[in-house]
Each structure stands twice: as C-alpha cells, then as structure tokens.
Amino acid sequence: MMQGIAASPGIAIGKVLVLADEAAEGKVCVHTDQQQAFQQALDASKTEIAALRAKVSSRSGDDTAAVFDAHLLMLEDPSLLEPISQAIEEGANAVAAVQGTSQALAAVFAQLDDEYMRERAADIKDICRRLIRHLTGSSAVNWEAITEPVVLIAHDLTPSDTAQLTPSIVCGFATESGGKTSHSAILARTMGIPAVVGSAGLLVRIQTGDLAILDGEAGVIIINPDNAQLTLYETKLRQYQEARRNMDVLRDLPAVTTDGYKIELAANIGLPRDVSTALANGAEGVGLYRTEFLFMNRDTMPTEEEQYAAYKAVVEEMGGRPVIIRTLDVGGDKQIDYLAMPKEANPFLGWRAVRMCLDRPDLFTIQLRALWRAGCHGKLLVMFPMISSLDEVRQAKRLLGLAKEELLAEGKQVAQSLSVGIMIEIPSAALIADQLAREVEFFSIGSNDLIQYTIGVDRMNEQIAHLYQPLHPGVLNLIAMVIDAAHRHGKWVGMCGEMAGDISCVPLLIGLGLDEFSMSAGSISLVKQRVRNLSGIQCRQLAEKCLVAGTAEEVGMLVGALP
Amino acid sequence: MIQAEVTLTNPSGLHARPAAQFAQTAGQFKTTVVKVVKDGREVDAKSVIGIMTLGAKQGTILTIQAEGPEEAEVVQTLVTIVENGFGERREA
C-alpha cells in the first residue's frame, strides 16, 4: 500500500498503465548524428502534435485543443531550439541537451507571479518530453488500444496527457509529484476522476499490468490487492457511485420552489482554500468571506499584497460568480493582539468592526485598496459589518472612493466599480433600512447578532440561552421590515447567519422574500432539497401568519406544520 | 535603430495567444532584428517563449526595439496590434 495526497475523491479499481519518463530513466539517443536525430525528433513531434490537435479538437472542442497550437509554435521558437543545438554542438547527448534546456526554461516560468503563466512551464516540459521520447525511440501510449478504463500512473502528468483524460479511458490516476492544487489535481476534481498525487517512490513499486485500487479520499493506492481488500473496495465503489449520482443531480439543479420561485444559495467561507468545497457543494456564490481569518494568528497586519493575493484567489476560483467580501470584523469575541484593542466591559457593544476601521483609516485603506485591485479578477462585492447608522455607511463609502482615487493616481489597475452592501445586524439599522437602502446595493442580514441584539440575550450565557429564539416574532418582523425596505428600492437582501442554513427556517425566510441564503457549504444540498419541495405560495402564507404570531413557540408550531 | 513604448491594454496581458500573435507578426520581418524590453529585461520579439517569460500583464509598459531594413515598419505594426488589444473583446 502506498500513501499520497488525496487530490480528487472517489474509488478506482483497474489495471495499471505506467506512463514512462525516458529522461528520468536515463535513456539516451543512440543515433550517430545527434543534430540530425534532433531534427527528426522535431519533425516527428510536430506531425504528432498536429494529429493530436485534430483529434482532441473533434472530441473536446477548439479551446481544449488550443494548447497544441502553442506547442507547435514553441517547437519553432529559437529560444528553445538554439540552446538545444548549441548543447549538442558542445558534445551533449541530444536527450541531455533537451532536458537541460527544458529545465532552464521551466525555471524562468516558475518565477513569474501569474498563476496562468507559471503553468506554461508544464507546456515546455511537455514538448521536451515528447522530443525525448522520439530521440530515444520509445513508443507513445496508444490510447486507442485501451478498451477498459485504466489506473494511470506517472511521475507527473503533462498537458498532453491530461488532454487525453476522460473517465471512459482513465478511471483514476496517481502521480509521484504534484500537490492538491496542481493542474492535474484540479482537472481530476473537475472531471470527477479519483486521484492521488505526491506519492513518492510509487514508480518503483508499480508496473503496467498490475491491478490497483486507488482511494482518492484517503490518498491511498493498493497494489495487487488480496480478495478481502478487493471485495471491500468494490462495495465502497458502488456506494460512492450511488451517493455521487444523487449529489450530482442535486448540485446542478437550481434552488427553485415547486411553483418556480428561485432563490440563490451561497457559501460562507473563511479562507481561500474553502472555495473548492463551496463549489463542490453547488454554491452559486460566496455570500460571506470573513476576512478576519487573514488577520488572525500572526504578529503583524497582512500587507496590501497579501490581502490582494487572497481576495484575488477567491474571486478567480469562483469564476465570475459573486463573492461578497466582508471588511475586517474584529472585536467582541475576536481579539487581535497587534491591533492593541483595549479591554472593554462590553466588547459586543464596543469598539469593533467598522467602528474600529473608521477610526483607523490607515489600516482600513489597505484593505479597501486590496479589494479594488482584486475586483479586476472577477465579481467582487464589498460588505461593511456592524453598521448602526447612515453616517457610518457614508464614511465607509467615502474611504472606499478615496482608496480608488489613490490607486488610479498611482496608475494601478482597479475594478471599474464595486457593488457595496452592508450587514444588518443591529436593530437601529433594521429600523432605518429604508434610508440605508438608498445608499447601498444590497443588505445581508447577520442573523446571529441581530437576534442577540434584538432580544438582548447573550447566547453564550447558558442561564438565558433559552431566550435566544431565532423565531421570536420581534426578530421576524425586523427581518420582514428590512426585506420590504430593500425591495421597495429595487435592492436585494441576503442572510449569512446560521438561520439561513437551518432547514426549519428556510420556508419562512422564502415567504418573507429573502433573495440569497449564505451558509456553510455542507448545508447547501440539504437546504436545496428542502427548497425544491416547497411551494412559494405556501411559504408566503406561512410568513404572513408567523408575523402576527405572539410567541416563538407559536411560530415554531406553524413552521413545523408545513409539509 | 528605432524604438517605441506601448502600454498593454488587453485584459489577459501577454498570455499564450497574444504572445503567439506578437511573435508571429515580428517573425514576418525576417531581415530585421526585433527586441521587446520590460523593466530592463530584453527578449527576442520573434520568440513566443521569450515573450511569455516577460509575464507582461494589462497595464505593463513595453519597449519595442528594431534594427534593420524594415525597422520603422515592424515597430509600427507591433505597436498597432498591442494598441488594438490583440483583437480581444474588451468589457464595456
């Protein structure tokens, strides 16, 4: 059994196909005229790539095939050909000449600060490996001859290899190199092919024709399993496929009621790495990106560049889906040493969130600048937390505007505009929602704090925890006011507290007209399932009754009575 | 020698496709030596790999230098395709 990094979940059981790496195996070119051999390898590679391009284009479209156009151009590029010829001239074996040039060029690409451009190093390695294969007279994998899906094993997969990846030919793959975010790992997750990467020493232990079990969840490869292991994993495979079919069906379906009322389901995230989970669960956006995690567990403020990189990573990976980034929300239960926040008697009613940021424009501006810059890379929305008055919104917007002017004066690239919203979590804000709706594009109700401040109950205090009632008619009426006010001004309302992911509250919130529900990624499919079995009309009738109910208990009974 | 400065306007910068278009265009002027300079780093304008290693993004200022019989024409042609954003669709 071999251990690696779990890169793409699922189970694969199949015959092994090992992709050779001729240079790593120490093969050389035995031709008497090395320059001539190189020319021949070059011509053969070009012919091969042109054929591959045509094949991939007809199967997966021109966009996927475009990589091969780039490969053809690279094979005519003096920056590649000249150093190789020169090395051969100086007496190197053609294989070593190609390998040396490949490594030197790949190193240059690896230093670039653009993820996409860094990936081009893989293209260089790819064409060089192809050249080496021809130089050593090794044969290419004949994909057409594969009749049953194989478990692909390689040192790493080149773009040419991954272009061939289809679940009908490859049921899983494992590589010696790579990490969870390497190109092949991402592709495997996208295509739903189980994969294990970074399994050092794998190629020594395994060979073509072996039977292998690959567990992409545990990051394990079992070579030539015994009968007990085989039976165990065959069962696991069936269960996985079944669960996956159900999930898949649901993930791609919209969150729409039986009578066609559509809501948006988004995910709450804390770190850029949470995005993949959000997408895997079918999130239509990020409804709350808590930036405070970026500021925690460290000794100094994150720089503008660090913040920019984190925000950019999230909006890019969300690929045009909306990402609501909440500006720094610390204080209360979230203390940060280097910000030297004073000890307060009532931290939840104290110097926190936007209150602190407005007093410290120096550090707030750093975040606002990073947001403007990251806004170039996708759909970024800015949200200010702990708003209690109109003045705070105007001040925060003024600082946001100044940050943009600063950046433009410096000649930096910024988003053309950013949609601005606020959190509604303080009753005073809910009560002036009409006035606030004129200033912003959207509201997001922070239900946890709104409940706590409205009922005046600390939910961490066990003695009064029973008073913390999300279904308190007072809370519901405030929520209804906020939604109605926003809609009157043509603005939309989301919710990012725990209530939004609570399936017992969902019908009521739909009835109140909530537009977007943001929750932990794991809750999305449950909520979606619930939404898809509800009728919008029934939800509205329920909401009307709940708003005039006397107690949380009465509301609970009304909600519970809904089929 | 003739040289001109130009700012990259297309959203994706000198990614694979624009870099290829740039190199192929420069390559048509066989008798003229063409270079691209960014932040003091100089590459052969006829090399797609070289151009890509500049990692030039939207907003980057490039200097195009040419020396040879068609130097004026090649600089003019390259400046034009950069200014036209390589025909990439721009957001309104």
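Reply: Let us start with one helix. Keep in mind that this is a predicted model. Helix α14 of chain A covers residues 361-374, which is 14 residues. From its first C-alpha to its last it reaches 19 Å. That is close to the 20 Å expected at 1.5 Å a residue.

Me: Is α14(A) mostly covered or mostly open?

Reply: Count neighbours to decide. A residue is buried if 20 or more other C-beta atoms lie within 10 Å of its own. By that count α14(A) is mostly covered, with 10 of its 14 residues buried. Among them are F364(A), I366(A), L368(A), L371(A) and W372(A). Q367(A), R369(A) and R373(A) are on the buried list too.

Me: What covers the buried residues of α14(A)?

Reply: Look at the elements around the helix. The cover includes three helices of chain A: α12 (304-317), α13 (353-359) and α15 (390-409). It also includes two strands, β11 (323-326) and β12 (380-384).

Me: Which residues are buried in α19(A)?

Reply: First, a general idea. An α-helix has 3.6 residues a turn, so residues three or four places apart point the same way. Now the case here. Helix α19 of chain A runs over residues 473-488 and has 16 residues. Its reach is 22 Å, close to the expected 22 Å. Its buried residues are V475(A), L476(A), L478(A), I479(A), V482(A), I483(A), A485(A) and A486(A). Then look just past the helix: G490(A) takes a positive phi of about 70°.

Me: Are N224(A) and D39(B) buried or exposed?

Reply: A residue with 12 or fewer counts as exposed. N224(A) has 12 C-beta neighbours inside 10 Å, so it is exposed. D39(B) has 11, so D39(B) is exposed as well.

Me: Where is T47(A), and why does it count as exposed?

Reply: T47(A) sits in helix α1 (residues 34-60) of chain A. It counts as exposed because it has 10 C-beta neighbours inside 10 Å. Now check a distance. T47(A) and L72(A) are 25 residues apart along the chain. Their C-alpha atoms are separated by 9.3 Å.

Me: How do I describe the way α22(A) and α23(A) pack?

Reply: Begin with the angle and the gap between axes. Helix α22 (residues 536-547) and helix α23 (residues 552-561) of chain A pack at about 165°, with axes 9 Å apart. Angles over 145 degrees count as roughly antiparallel, so these two helices are roughly antiparallel. Their crossing is right-handed. From α22(A), the contact uses L542(A), K545(A) and C546(A). From α23(A), it uses V555(A), L558(A) and V559(A). Sort these residues by type and you get five nonpolar, no polar and one charged.

Me: How do I sum up a whole chain?

Reply: Chain A has 23 helices and 16 strands. Of its 563 residues, 44% count as buried. Chain B has three helices and four strands. Along the sequence, chain B follows the pattern β-α-β-β-α-β-α. Buried residues make up 40% of its 92 residues.

Terms used. Residues numbered from 1 in each chain as written. Chains lettered and ligands numbered in written order. Predicted model: local features only at pLDDT ≥ 70, side-chain atom pairs only at ≥ 80, totals over all residues. Expected span 1.5 Å × (residues − 1). Contact = placed C-beta atoms within 7 Å. Axes fitted to C-alpha atoms, helices over the stretch in contact; angles between N-to-C directions. Parallel < 35°, antiparallel > 145°, perpendicular 65-115°, else oblique. Left-handed = near helix turned anticlockwise from the far one by under 90°. Nonpolar A, V, L, I, M, F, W, Y, C, P; charged D, E, K, R; others polar.
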